[in-house]
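I opened the notebook on a chain that was new to me.

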Amino acid sequence: PDCTMQFLLAILVAAVAPSSALHSARTPSKLWLPSSSRSPNIVVVESWYDKKVAEERRKQAARELQGEKVRDSLAANTMGTEQLRLKESRKSLERTLLGRQEAARLAVLKANILKLAARLNRGANATEAEQEQMEAMALDLEKACPTSAPLGSAAINGRWQLAYTTSASILGVNKRFKPLGPIYQWIDIHSGIARNEEISAWGRLEFRRFVEAELIPDPCFRARVTVDFKRFGISWLRIPAPKRAVGQLDITYLDEQLRISRGDKGNLFVLFKDNPFAAP
């Protein structure tokens with residue numbers, strides 16, 4: 001058997017390598033056959049075979065190691081992507097919840113403002129402490145104004161009803177003419193017209209009073225408007241307004257339901273939308 005194997009290996013060596021290369025090959029450190037049975041050709045074949053096997057094993061080990069690195073990298077990327085998506089989803093949910101909480105808080109705040117205004121008879125019966133309370137609530141609501149350019153918003157149009165004011169002249173405090181019932185304000189910002197109207201009483205006599213004005217938006221302040229009064233009316237009587245009858249108004253809060261304004265004399269005005277489609 002050893003002679004047969006030796007013969008077959010000799011044939012294989014002769015087929016794959018020239019004899020000069022075989023004789024010049026380095027003797028391997030570990031031989032496959034016993035030393036007494038090896039020929040130089042067999043030694044060369046064994047050395048070449050061992051080298052090829054070892055090299056292939058190294059390549060296979062390298063490929064497996066690279067594959068593990070790739071799998072680990074993909075797993076890490078997948079985990080990182082999922083964690084990022086989870087983080088973004090959590091942030092989105094938190095923003096949604098905070099937005100709903102803020103909307104609920106503002107709704108309660110607006111309801112409290114109107115409730116206090118009704119109790120104070122539009123401000124006519126307000127004490128100094130109650131005025132400060134209303135001022136604090138108005139400031140809180142103004143910080144959350146959803147309309148950056150109120151004079152360019154369609155929400156300002158329609159008929160508004162006065163809920164609260166610190167203006168003694170509008171409330172008729174210590175005056176002969178006192179308002180009865182609602183005090184209305186019509187605004188049409190497109191035509192630049194505003195109209196205030198109320199029913200007043202003088203003794204037992206009741207009559208309608210109104211004032212008409214032109215609204216001129218301030219080019220430097222998006223929330224400021226100049227109010228140029230044009231005409232006063234008492235029942236059937238019409239009186240042209242004097243030229244000095246001009247004021248300014250800052251709209252500090254506006255949405256579809258509520259409006260807060262501040263006059264150039266420091267007065268606060270709170271109005272709620274009575275009819276969104278009414279015109280002056």
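Buried means under 20% relative accessible area, exposed means over 50%, and partly exposed lies in between (1.4 Å probe, protein chains only).

Before going on, I noted the ground rules. This is a predicted model, where local features need pLDDT of at least 70 and side-chain atom pairs count only at pLDDT 80 or more, while totals for chains, interfaces and linings use all residues. Residues are numbered from 1 along each chain as its sequence is written, and side-chain values use heavy atoms, with hydrogens and water left out.

**Ring pairs**

I set the pairing rule next. Rings of Phe, Tyr and Trp (its six-membered ring) pair if their centres lie within 6.5 Å; planes under 30 degrees apart count as stacked, over 60 as edge-to-face and the rest as tilted. The count came to 2 aromatic pairs. The ring centres of Y184 and W186 are 5.8 Å apart and the planes stand at 50°, so I logged this pair as tilted. For F229 and F232, the centres are 6.4 Å apart and the planes are at 15°, so that pair is stacked. F229 is partly exposed, at 26% relative accessibility. F232 is partly exposed too, at 33%.

**Charges over rings**

Which ring does the charged end of R159 sit over? I found the ring of Y184 there, with its centre 4.2 Å away. I also found the charged end of R195 over the ring of F210, 4.1 Å from the ring's centre. The rule asks for NZ of Lys or CZ of Arg within 6 Å of the ring centre and within 35 degrees of the ring normal.

**K178**

I looked up K178 and found it in strand β2, residues 178-188. Helices (H or I, at least four residues) and strands (E, at least two) are DSSP runs, numbered from the N terminus. K178 is partly exposed at 40% relative accessibility. Beyond its neighbours within four places in sequence, K178 contacts G172, V173, I199, S200 and A201; contact means heavy atoms within 4.5 Å. A polar atom of the K178 side chain lies 2.9 Å from the backbone oxygen of G172.

**Whole chain**

The chain has 5 helices and 9 strands. Buried residues make up 33% of its 280 residues.

Notes:
A polar contact is a pair of N or O atoms within 3.5 Å; within protein, one must be able to donate a hydrogen and the other to accept it, and residues adjacent in sequence count only if both atoms are side-chain atoms.
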